[in-house]
Amino acid sequence: MSFTTEQIINALRTVNDPDLKKDLVTLNMIRDVRIEGMRVHFTVVLTTPACPLKEVIRQMCVEAIHKLVDKDLQLFINMTSEVTSVRDTSPLLAGVKNIIAVGSGKGGVGKSTVTSNLAVALAKQGARVGLIDADISGPSVPTMFNCEHEQPAMIAKDGKNLIVPIEQYGVKLISIGFLTPADSAVVWRGPMASSALRQFIGDTDWGDLDYLLIDLPPGTSDIHLTLVQTIPVTGAVIVTTPQKVAVADAKKAVSMFKQAQINVPILGIVENMAYFTPEELPDNKYYIFGQDGGKKLAADNGVEFLGEIPLVQSVRESGDSGLPVVMKEGKTSEAFHELAQAVARQVAIRNAQQEKTKKVEITT
Ligand SMILES: Nc1ncnc2c1ncn2[C@@H]1O[C@H](COP(=O)(O)OP(=O)(O)OP(=O)(O)O)[C@@H](O)[C@H]1O
């Protein structure tokens, strides 16, 4: 008995990606189908680097083919991944698939800590990742990545001088901290800070990236406006603690991204310092900032809750020593890895289901 690739593809048309709610063939996730007698080879291209649904999807493919084609076929399924993108074809950041803004309402809620660990976790999961420290007046990325004394090189490309990002822990980084002395008290006027951000976006040699994360200053500022006017942002992640005042400010950040003129999709809310847990008693949880504030904010605004990160001494120590906690083993590291999977998943869902974001046009 002989089989055709058509039969295999038709069977796979009945398998829906559980997140993206469309079938694998329509989503262009099935490639290179090859049949040799009773042996069938094909590749499934998943849309996130460490897809938690990998095994579920593989099993669904096996079941569909065995049920609809022949139960005795031997299947050789190569599971790989390719991050999706709905960017326009603008020459700015042409090789960058997704731009993710990380914001918070209130300062000090751990936005830079979360962004740094998220970037490293995504890179460790196999993605190509960049990080712009857009907190121009309070850059913390150089410290958190232990590269305070690095100075980026310049490179000439297509007649333009570009800044070469510093690479650390698999992440390409740029920060104003690399360009000004660490202890200099530079007071950045709004327009100067905005022009620094434009340089980080337009005059830096980012190359090809799956995710470029932007660590924004807290609140809403010129920088936020500059970002959305310079480049279409794939989506925003909002960091908050469960505390009432932090949640109230995070709500404003959500509203800012959601407002009609800006219209950046919210990928979800992260609750940092969700509870305190002593390192030696990891099962003890103390809700010192209140409980579930971030979860409730997500539910009230109809957006995804991406996960909770505990308040742990080692997170602070790792940040200060420049080795993000996600570089180590343990429960907190796992929490950041789960967060990275959740963010990648929301990017894939957003790309499959929503229109591309438009750059905000300046109106006077
Ligand atoms: N989950 C956590 N557990 C322990 N300490 C944390 C945690 N998250 C952040 N911190 C610590 O809290 C402090 C503030 O964190 P961070 O600088 O990341 O906040 P931020 O919101 O980016 O601040 P800013 O408003 O200045 O931009 C840092 O000392 C950091 O190490």
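## Terms and model

Helices (H or I, at least four residues) and strands (E, at least two) are DSSP runs, numbered from the N terminus. The loop between β4 (96–104) and α3 (111–124) holds V109.

This is a predicted model, in which local features need pLDDT of at least 70, side-chain atom pairs count only at pLDDT 80 or more, and totals for chains, interfaces and linings use all residues. Residue numbers start from 1 along each chain as its sequence is written.

## The annotated loop

In an unreviewed entry, UniProt lists G105, K106, G107, G108, V109, G110, K111 and S112 under "binding site". UniProt positions are given in the numbering used here, feature names are shortened, and annotations may be inferred rather than shown by experiment.

A residue is buried if 20 or more other C-beta atoms lie within 10 Å of its own, exposed if 12 or fewer, and partly exposed in between, with C-beta atoms placed from the backbone. V109 counts as buried because it has 26 C-beta neighbours inside 10 Å. K111, found in helix α3, has 27 such neighbours inside 10 Å and therefore also counts as buried.

Two residues are in contact if their C-beta atoms, placed from the backbone, lie within 7 Å. Apart from neighbours within four places in sequence, V109 is in contact with S104, V239, T240, T241, A246 and N272. With residues up to four places away likewise left out, K111 touches V102, S104, D215, P218 and V239.

## Around the ligand

The ligand is surrounded by 20 residues, and the closest are G107, G110, S112, T113 and V315. A residue is near a molecule if its C-beta atom, placed from the backbone, lies within 6 Å of it. At least two residues of this shell come from each of α3, β12, β13 and α9 (313–321).

The shell has 7 nonpolar, 10 polar and 3 charged residues. Here Ala, Val, Leu, Ile, Met, Phe, Trp, Tyr, Cys and Pro count as nonpolar, Asp, Glu, Lys and Arg as charged, and the others, Gly among them, as polar.

## Strand pairing

Two strands pair if DSSP finds at least two bridges between them. Strand β10 (residues 209–215) is parallel to β4, with 6 bridges, and I99 stands opposite L212 in β10. Strand β5 (residues 129–133) pairs with β10 in the parallel sense over 5 bridges; there I132 stands opposite I214. In β10, 7 of the 7 residues are buried, so the strand is largely enclosed by the rest of the structure.

Strands β12 (residues 266–276) and β13 (residues 305–311) run parallel and are joined by 5 bridges. The bridge partner of I269 is F305 in β13.
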